[in-house]
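Please read the following walk through the model with the coordinates open beside it, moving from ring clusters to a sheet and then to the ring contacts that involve its strands and others.

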Amino acid sequence: MSSLSRELVFLILQFLDEEKFKETVHKLEQESGFFFNMKYFEDEVQNGNWDDVEKYLSGFTKVDDNRYSMKIFFEIRKQKYLEALDKHDRSKGVEILVKDLKVFASFNEELFKEITQLLTLENFRENEQLSKYGDTKSARAIMLVELKKLIEANPLFRDKLQFPNLKNSRLRTLINQSLNWQHQLCKSPRPNPDIKTLFVDHSCGQPNGARAPSPANNNNPLLGPLPKAGGFPPMGAHGPFQPTPGPVPAPLAGWMSNPPQVAHPSVSGSAIGLGGPSIAAALKHPRTPPMNPTLDFPTGDSDHMSKRARPMGINEEVSLPINVLPSPFPGHGSHTQAFSAPDDLPKTVARTLNQGSSPMSMDFHPIQQTLLLVGTNVGDIGLWEVGSRDKLVLRNFKVWDLSACSMPMQAALVKDPCVSVNRVIWSPDGSLFGVAYSRHIVQIYSYHGGDDVRQHLEIDAHVGGVNDIAFSHPNKQLCVITCGDDKTIKVWDAATGARQHTFEGHDAPVYSVCPHYKENIQFIFSTALDGKIKAWLYDNMGSRVDYEAPGRWCTTMAYSADGTRLFSCGTSKDGESHIVEWNESEGAVKRTYLGFRKRALGVVQFDTTKNRFLAAGDDFAIKYWDMDNTQLLMSVDADGGLPASPRIRFNKDGALLAVSSNENGIKILANSDGLRLLRTFENLSYDAASRTPEAPKPAINNAIPVTAPTSAGLTERVASVGSVSGAVNNGDTRNMTDVKPRITEESNDKSKIWKLTELSESSQCRSLKLPENMRVTKISRLIYTNSGNALLALASNAIHLLWKWQRNEHNSSGKATAAVSPQLWQPSSGILMTNDVADMNPEESVSCFALSKNDSYVMSASGGKISLFNMMTFKTMTTFMAPPPAATFLAFHPQDNNIIAIGMDDSTIQIYNVRVDEVKSKLKGHSKRITGLAFSHVLNVLISSGADSQICVWSSDGWEKQKAKYLQLPPGRTTAAQSDTRVQFHHDQIHFLVVHETQLSIYEASKLDCVKQWCPSESSAPISHAAFSCDSQLIYACFLDATVCVFTASHLRLRCRINPSVYLSPSVLSNLNVHPMVIAAHPQEPNQFALGLSDGVVHVFEPLESEGKWGVPPPAENGSTSNVAATSPARGSGSEQGQR
């Protein structure tokens, strides 16, 4: 069909819509295939008109056209099938299975079998992947979101999702213009022509020579008023025909083999599957037909990093992942030039450090967000704890094994031994960091916390300089990617240093690499000094992209933190700098940011943060842009002293920005959150330096401060508890004026005489007693769900209780709160989650459970077999590991939910793979039952604790025992034969909390050193349980006398005590056997916790809204209060018999 004929169809569609011929409009849309009306499609899906939905789709695509089409039809038919099953209409379900779904069996027979098996279930939600299926309405809405993404990404719908931007009644206007022209051509035009038909040309009869007006009557009764120029605005945004956006920049040559004309949004291109649209089910994808070579690589937000499984064959057409045109940041759509600078950008100079040589590259640790890695122009590597201003590590350049280096490298070093660092970067989990040098090699170090940095790999990577280095995870295997002056990109195994890929194709030295993944597709962007940008898959099949970068010289690329927006920053040889945002799907520059100096005096570096801001070092300052506005947002000179093009780097949450400065300096800029973070280190520094020797303390309480997100290296530097001079002699040379402002600030707000916050009445905080289950006598375990909207308890009689908070006008977030009572939830079947108890009395058994990350299932034991429960249906999915021995503690591996560490009552720890039902390893080191387990994904260790008061450290790679140590009990204290010892990792994943009836202790995991300890006095009640707050800034501890204490975690000082009278009634207070058994901290609200009591009751606590926190931390002047033993008051007395 010709272009004009196509446009005529659009005009007819507009006319039919305006005349309300609704069914005819959609029939023409479907038959012509020119415009896919998404609004109509949504309505039909929401109404469940499945036949109409498929019929409408048939005008645009068929099931087997491509993988997107296949998944669209599969999701629709699967939903139709599930709805039939939900109505218990088995015959309808069988009909859909045979007629509609069987077509997919040839692609994945296993999936079809699994779908068929749903017929055998009373409720298909018993299937794990469908356990979260809600009602029909919500399921359709969820599916519709996925369908829209698939349609928008499907090449067959290209150019069919936007209706042309037409003025209203365009067809009428054209007809009026035609009639006007015909009227002007009349030999005897009448002043008011009477037009009665459009079937023949208009002509006027002879009216005795009267002259006609030039236009036709503007009020013609048939055609209506003639539109005035500019008088027909586009149809409203809610009409069925959406106006098209402004013109998109033309695609750059070579970005795709056939560049699409419209952008495709992010879409899950995963295989069709049984569960929700995001659940992959390994259905093989048909190749995209040859007419659509710009396939189909999905984008998305999946956490999976495995390589996309695709059909065999070398002729498959591929291109880069297509991506959504980024939408404006919520609440910050179109900013004007006068947009005010937001407060959450780091602008205040909070630290000034001196590296000793000029910083060339910097990177913050991905988890310990105040740990800064620095590489310099003379090859030095520095590691700073910026909070305390401590330089933890300084390594000068040195080739570790010169004999293993190539002859060209040895010759180059002999000729010119000067070496510079081109790039430093942390691995994603912070366990490794890489250094790219200006001569041939990269060095990979392993980081074990504090100042413990060890040599890991040295690779002779490139001939000439190594210009960039990055980490990536193809095939779930950590790799190192390098590029260099030899015009190549290389991929290395991060564990062994073996080379896996070499990518050749650039004609100039490769300047930078930017690895990324979309859904399951891993790829690498690379830039060269001739301005070429290329992209590579891990398949040695050559570059998929070849285009020019603005600047055409030194260009780096970076994604926003959420991976949805791509930016590049380039500087030309003439000093012209460019930051641009790319339209990934088209290879076009979507947005060019303004505000650079005309002639930069160096190569501009840039960084992104918060999915919202860009920053670059230019013109002796740091310049900020909002991602959605090309105008410069603000410029900060950091109090002066910056070079022309300073190096910059944000930390992960964007609260801190490291900036290189003149004279080998580094300035740390902070926003309000960053200042609060750094202030915690000032408190610790002052605390360590201000203690006096006049007040001797028991050795066990000479505690060493642990920084909030810090490292062991810092604690070693403030380990001396003594005078100021003593602290200086131990390496802390900071001037006391560094911390004066904190003291002044506190003294302005608080009384100079600090007093413990003690709560004795229910009105002094918010507490909520949760609905009870009369069958439960004692709460043994308690945990919040990861979503924060429910509490799960395991009672001593093996029954689980689940309290859910609902979203309503009183609780808009739907999160757990002490302000609104939750529902003691059960599924409609009325069943309870009850553990297997074998032949044992569950009251005498040890209870334990662990919750999956997505809250969909819980693994639990109460002396019998371990049970796996579905959290939606409460049904037992499986049981395994019958006693003896019985499980006493459970912990999921942080990287693999199929691996579980199971502590046993025979003192062993079994590493169990659920998927293959196999014990992979059995760890032996304790002498009594296991009472605590905790993984660190930073150190790759498992910490275990037992009733023998011993702590062991195990490698989570090979499961060998690294260290073991017994708890140091206070002098004169004895402990019960089977006293529990619990462990929990700090947020930094390097320190951990040890809870024992005699003490709270903070340990550093890699060395197993106790760096802080607090002990109640002999006369006080034992500790029953304790836990970190979600941000690890507080520790909540409960005692056998029903007292609850809140500590500041960084130095283990008591700040608030909650007496039993706050939450127990007088009748319960008189029962001395009622006390907290377990305490749980909310996963998102640091000031909320819950108690599980020995009478089966659960209470939730929050401070008063007017207070906002639990008490006030003691000022440094009263530092001694944290170092004396304490007692808990007698029940209900509220009096203090000693300071905790």
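Rings of Phe, Tyr and Trp, the last taken by its six-membered ring, are said to pair if their centres lie within 6.5 Å. In this predicted model, ring pairs of that kind link Phe 36, Tyr 40, Phe 41, Tyr 56, Phe 60 and Phe 157 into a cluster, and the structure as a whole holds 35 aromatic pairs.

One of these pairs is formed by Tyr 547 and Trp 582, whose centres are 5.0 Å apart with 70° between the planes, an edge-to-face arrangement. A stacked pair is found for Phe 992 and Tyr 1003, because their ring centres are 5.6 Å apart and their planes stand at 15°; Phe 992 lies in strand E48 and Tyr 1003 in strand E49, and both residues are buried.

Strand E17 also takes part in an open sheet of four strands, ordered E14-E15-E16-E17 with antiparallel pairing, in which E14 (510-518) and E17 (545-548) are the edge strands, each pairing on one side only. Within this sheet, strand E15 (residues 521-528) and strand E16 (residues 532-537) pair over five bridges, and Thr 527 stands opposite Ile 533 in E16.

Charged side chains meet rings as well: Arg 6 lies over the face of Phe 34, 4.6 Å from the ring centre, while the charged end of Lys 804 sits over the ring of Trp 825, at 3.9 Å from its centre.

How values were computed:
Residues are numbered from 1 along each chain as its sequence is written. This is a predicted model: local features need pLDDT of at least 70, side-chain atom pairs count only at pLDDT 80 or more; totals for chains, interfaces and linings use all residues. Side-chain values use heavy atoms; hydrogens and water are left out. Two strands pair if DSSP finds at least two bridges between them. Helices (H or I, at least four residues) and strands (E, at least two) are DSSP runs, numbered from the N terminus. Rings of Phe, Tyr and Trp (its six-membered ring) pair if their centres lie within 6.5 Å; planes under 30 degrees apart count as stacked, over 60 as edge-to-face and the rest as tilted. Buried means under 20% relative accessible area, exposed over 50%, partly exposed in between (1.4 Å probe, protein chains only). A charge sits over a ring if NZ of Lys or CZ of Arg is within 6 Å of the ring centre and within 35 degrees of the ring normal.
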